[in-house]
Amino acid sequence: MTDLTFRPAQKSDIPTLLDLYQIFDGDAPGLSLAAAETIFARIETYPNYTVYLAEYADEIVGTFALLLMDNLAHQGMPEGIVENVVVAPQMQGQGFGKAMMQYAMQLCADAGCYKLVLSSNVKNERAHKFYESLGFEKYGFSFRVEII
C-alpha cells in the first residue's frame, strides 16, 4: 500500500468522479459533465472543503469529500464531515477504503478537529461494519427531510 497517494481532485478528474459516483445513482442518469463542472467550480470556492482522490499505481481507486467545519461550540474546535466515500468496485476489499478513512482521520487530527462524522444508508450493513472496524460508533440519530 506504499504506492497509495491522496490528492485533491481537479477539474480534469470530473469524468472519473462521475463514474465513481454512479454507485450512488444506480441506473439513474448522473450529472452531465457541464453541470458537474459548474458544481465543482463552486465547491472549489468553499473554505476547507475538498474532494480527494486515492491513486494506486497511476489508477484512481477511490474518492471521498471532506469538510473541516469551523465551530463556535466545543471550545472552538472544528469538526470533520466526510461524504461520498467510494472505492471503485473492482478495487474493493483491498484496504483502499480503510486507507482513505485513515487519511481523512489524520487530516482531521492535524486540523484539531474534535470529531469526524459521516452518514451511511441504513440498509448498507456492509458499510456499517466497515466504519465500525475503523473505530466509528453509531451515535444518536441521523434525520433528513426530502426537499425535492
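**View 1. Salt bridges counted across the predicted model.** Four salt bridges are found when a side-chain nitrogen of Lys or Arg must lie within 4 Å of a carboxyl oxygen of Asp or Glu. Side chains of opposite charge can pair when their charged atoms come close.

**View 2. The salt bridge between Arg 7 and Glu 55.** The N to O distance between the two side chains is 3.3 Å. Arg 7 belongs to strand S1 (residues 5-8) and Glu 55 to strand S2 (residues 49-56), so this pair ties together parts that lie 48 residues apart in sequence. Arg 7 and Glu 55 are both buried.

**View 3. A salt-bridge network involving Asp 13.** Salt bridges link Asp 13, Arg 7 and Glu 55 in a network. Within this group, the contact of Arg 7 with Glu 55 has an N to O distance of 3.3 Å.

**View 4. The salt bridge between Glu 132 and Lys 138.** The side chains of these residues meet at an N to O distance of 3.9 Å. With a relative accessible area of 39%, Glu 132 is partly exposed. Lys 138 has a relative accessible area of 66% and is therefore classed as exposed.

**View 5. The salt bridge between Arg 144 and Glu 146.** An N to O distance of 2.4 Å separates the paired side chains. Glu 146 counts as exposed because its relative accessibility is 54%, and Arg 144 is likewise exposed, with a relative accessible area of 74%.

Conventions:
Residues numbered from 1 in each chain as written. Predicted model: local features only at pLDDT ≥ 70, side-chain atom pairs only at ≥ 80, totals over all residues. Heavy atoms only, no water. Helix = DSSP H or I, 4+ residues; strand = E, 2+ residues; numbered from the N terminus. Buried < 20%, exposed > 50% of the residue type's maximum accessible area, 1.4 Å probe, protein only.
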